[in-house]
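Okay, thanks everyone, let's get going.

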Amino acid sequence: MEIGADEFEQNLPLLQELVLGADFVGLDIEFTGLRSNLSRSQQISLFDLPSDWYLKTRQNVQKFTICQIGLSMFSSIEGESNKYVAHSCNFFLFPTTFGTLDSEFSFQASSVQFLNQYGFDYNKFLKKGIPYMNEEQEKKITHNILTRKWRTHSSLDKDQIKIVIDEVTRWLDLAEEGDWMTLPGIAGFQAFEVQLVLRQALPNVWTVLTDQGVVVKRVSKQHRWCLENTSCGQEASWKEKKILLSARGFSVFFQMLVKAQKEMNFPRVSSLSEVYEVLNSDLNPTKNSGPVIVHASKCEKYVETKYPHEAAYDAFLCGSVFLKVAHLLLWRVHGAGATPELSFPLYFDVLAPYVNQVNLIRARVPKINFSGPDYPSTRPPILILSVRKWPGVSEEQVYREFQNLCKFDVRRLTQSQFLLLTNKFKDARSILKEYRGHPTLQVSLYRYWRHSPNINCLLQVCGVVAAWALVALLLGRPGP
């Protein structure tokens with residue numbers, strides 16, 4: 001099922017019903033890019049703490065925008081044991097242009113080529129994308145409207161606004177109080193912006209949105225004040241609030257999805273499609289006893305054909321993997337012959353220890369835990385490189401020195417010392433062996449109490465203090 005801006009509002013009640021009635025939801029997001037060309041200090045490093053890793057990743061992806069979201073809502077079929085129906089939906093998204101809100105975002109050529117290779121339709125993204133905004137943008141727009149500090153910027157051209165104001169101004173020269181005129185052919189966000197501009201520019205008019213267009217009525221200043229500050233005026237603006245709701249677009253649905261608390265991220269071990277294939281193969285001992293998943297009507301596109309990297313298809317794979325892994329874990333807990341009657345709450349219980357944990361591929365720890373303390377590091381120990389007879393050596397030069405053997409992250413410790421960190425134990429052992437006895441590059445295990453500049457500085461200060469204390473003691477001792 002594919003949903004764009006034209007179909008979103010009419011399908012919103014159905015989507016809300018599907019989410020609230022689902023046992024769980026699979027989610028996949030496609031971006032216009034993934035990785036910016038950052039300096040080495042801004043790139044993700046094995047030295048990063050989980051919080052650093054998350055912030056760097058978040059800041060990096062914020063330069064791009066979401067072009068497609070896929071949801072696959074899995075619901076157990078009443079009266080059938082361990083059988084689920086999946087409703088899969090593709091949503092094309094495009095940032096809201098509303099008032100002064102005019103987002104800037106980047107495209108990454110490799111990401112565009114990648115999605116294009118798998119049939120992504122960029123015309124639907126650009127022409128039919130559902131508008132959305134974040135919470136900060138929504139608060140700013142609401143504040144500007146309430147404080148009457150609204151300014152148009154994007155969806156209406158300034159020349160068009162001038163034409164509208166000139167037309168209404170000419171009409172006002174001849175109109176009497178109570179007269180009205182209609183501006184046809186203006187709808188949606190433009191209608192809202194036209195009303196705000198006219199109300200700001202002309203103190204003796206009032207505007208109402210109808211099915212025929214924007215109706216402009218000449219009123220006295222007293223009547224205008226009454227309309228703005230009484231229930232009559234508030235009632236007249238209900239359609240404007242509806243337009244503002246439309247400007248929020250997909251954000252309304254996504255906030256509802258978060259509040260429903262159906263979502264649970266499952267870390268990808270390798271590629272998502274590969275994990276799905278393994279779980280559906282004979283390598284999975286629970287293949288024949290696991291949950292049955294069928295596609296809902298209007299969502300049967302994925303029954304026979306694979307659509308890798310289409311958001312809804314990946315969301316379906318994600319949800320299927322989630323369900324099948326839960327069954328596998330349950331089988332391991334209870335054994336093949338003692339499994340209780342299967343139900344989703346039973347799967348939920350066995351997955352509870354993994355809630356809100358996201359797998360990290362190259363990081364200091366194996367996963368981020370958003371609900372508690374992070375796991376202790378299981379990575380190889382930090383190595384320290386001491387450099388001799390190589391004045392002015394940089395981190396980049398050290399990195400290139402080792403890159404033919406293995407990949408290390410490098411961080412300067414002192415002028416002639418660097419920390420080395422890898423995510424593979426064999427690489428750490430290889431470097432220690434290869435550079436044993438090297439004349440200019442000495443590699444050893446890093447020991448905090450031995451190598452830390454702070455500890456060395458503290459020890460030097462303590463040594464000086466102890467030396468002066470000894471001198472004072474000797475000088476203060478009486479002679480024989």
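Predicted model: local features only at pLDDT ≥ 70, side-chain atom pairs only at ≥ 80, totals over all residues.

**Strand β16 and its surroundings**

So, let's start with a pairing: strand β14 (residues 383-387) and β16 run antiparallel and share four bridges. Strands here are DSSP runs of E with at least two residues, helices are runs of H or I with at least four, both numbered from the N terminus, and two strands pair if DSSP finds at least two bridges between them. Within that pairing, Ser-386 has Gln-417 of β16 as its bridge partner.

Residues are numbered from 1 along each chain as its sequence is written, and side-chain values use heavy atoms, with hydrogens and water left out.

Back to β16. β15 and β16 make a hairpin with four residues between them.

How many of the five residues of β16 are buried? Five of the five, so the strand, residues 417-421, is largely enclosed by the rest of the structure. By buried I mean under 20% relative accessible area; exposed is over 50%, and partly exposed is in between, with a 1.4 Å probe and protein chains only. Gln-417, Leu-419 and Leu-421 point one way, Phe-418 and Leu-420 the other.

Now Ser-111, which sits in helix α3 (residues 109-117). Ser-111 is buried too, at 10% relative accessible area. Beyond its neighbours within four places in sequence, Ser-111 contacts Thr-32, Gly-33, Leu-34 and Tyr-122, contact being heavy atoms within 4.5 Å.

On to charges. The whole structure has five salt bridges, meaning a side-chain nitrogen of Lys or Arg within 4 Å of a carboxyl oxygen of Asp or Glu. One of them is Lys-124 with Glu-2, with the closest N and O atoms 2.6 Å apart. That pair links distant parts of the chain, helix α4 (residues 122-128) and strand β1 (residues 2-3), 122 residues apart. Another joins Glu-396 and Arg-400 at 3.7 Å, N to O; being four residues apart in helix α15 (residues 395-402), they are separated by about one helical turn.

And the overall view: the chain has 18 helices and 17 strands, and 40% of its 480 residues count as buried.
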